[in-house]
Amino acid sequence: MSSSDPNKLISKADKLTKLSLTRWSADWKSATLLYEQAANGFRVSKDYEKAKLAFEKASKGQEMLASPWDAAKHMESAAALAKELRNWTEVIDFYRRASELYMQCDRPQPASDSLAKAARALEDALPDDAVQLYTDACVILEDDGKEQMAFDLFRAAASVYVKLEK
């Protein structure tokens, strides 16, 4: 199955998630596995746009399966591909969503790390957004009582401010 055409895997997975007269419930488990295989296939063939979409769908599938940790991991993969495509608004959206999913798992450290990854990706392209993401990452750690872990993030935000001459 892994050697199959990723486009066929996506269409097969899409069929498994659509309801019809013969299918009264979506098979998210099988569909998610197919989305993951398709995403990896697209990534290997360097079709990053389709790989990004497949990771988004895989993330949705993991959410439907009540697995926010895996959904967050897929969302981070989609964000990394959006970064390769230089689609900065999607980078922000995907990393923020990953952070929210990590918080659903009560995991503030990975949630903060996700926002920090987004900020590092945006430092040159959108420095103001990068500073906001660093700040949000610091807030997550401070709310969890781990202020000492926020030091590097605070320093990175200050560095961006210096670059902006603010």
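The model is a predicted one: local features need pLDDT of at least 70, side-chain atom pairs count only at pLDDT 80 or more, and totals for chains, interfaces and linings use all residues. Residues are numbered from 1 along each chain as its sequence is written, and side-chain values use heavy atoms, with hydrogens and water left out.

I begin with the whole chain. The protein chain has eight helices and zero strands. Helices (H or I, at least four residues) and strands (E, at least two) are DSSP runs, numbered from the N terminus. Taken along the principal axes, the C-alpha atoms fill a box of roughly 60 × 30 × 25 Å. Of the 166 residues in the chain, 43% are buried. Buried means under 20% relative accessible area, exposed means over 50%, and partly exposed is in between, for a 1.4 Å probe and protein chains only. A contact means heavy atoms within 4.5 Å. Among contacts with a separation of 6 or more, 49% are between residues 24 or more positions apart.

Next, two helix pairs. Axes here are lines fitted to C-alpha atoms, for helices over the stretch in contact, and angles run from 0 to 180 degrees between N-to-C directions. Under 35 degrees counts as roughly parallel, over 145 as roughly antiparallel, 65 to 115 as roughly perpendicular, and the rest as oblique.

How do α1 and α2 run relative to each other, roughly parallel or roughly antiparallel? Helix α2 covers residues 28–44, and α1 packs against α2 at an angle of about 160°, with the axes 8 Å apart. The two are therefore roughly antiparallel. The contact includes Leu 16 of α1 and Trp 28, Ser 30, Ala 31 and Leu 34 of α2.

Leaving aside neighbours within four places in sequence, Leu 16 touches Arg 23, Ala 26, Asp 27, Ser 30, Ala 31 and Leu 34. From Leu 16 to Trp 28 is twelve residues in sequence and 7.2 Å in space, C-alpha to C-alpha.

The second pair is helix α3 (residues 48–64) with α5, whose axes come within 13 Å and cross at roughly 20°. That makes α3 roughly parallel to α5. On the α3 side the residues are Lys 52, Glu 56, Ser 59 and Glu 63, and they meet Glu 90, Phe 94, Arg 97 and Leu 101 in α5.

Now the aromatic rings. Rings of Phe, Tyr and Trp (its six-membered ring) pair if their centres lie within 6.5 Å; planes under 30 degrees apart count as stacked, over 60 as edge-to-face and the rest as tilted. The count by this rule is one aromatic pair. Trp 69 and Tyr 102 form this pair, which is edge-to-face, at 4.9 Å centre to centre and 65° between the planes. Trp 69 lies in helix α4 (residues 68–84) and Tyr 102 in helix α5 (residues 88–104), so the pair ties together parts that are 33 residues apart in sequence. Which of the accessibility classes does Tyr 102 fall into? Tyr 102 is buried, at a relative accessible area of 1%, while Trp 69 is partly exposed at 28%.

Last, Asp 136. Asp 136 is in helix α7, residues 127–143, and counts as buried at 18% relative accessibility. Leaving aside neighbours within four places in sequence, Asp 136 is in contact with Arg 96 and Leu 115.
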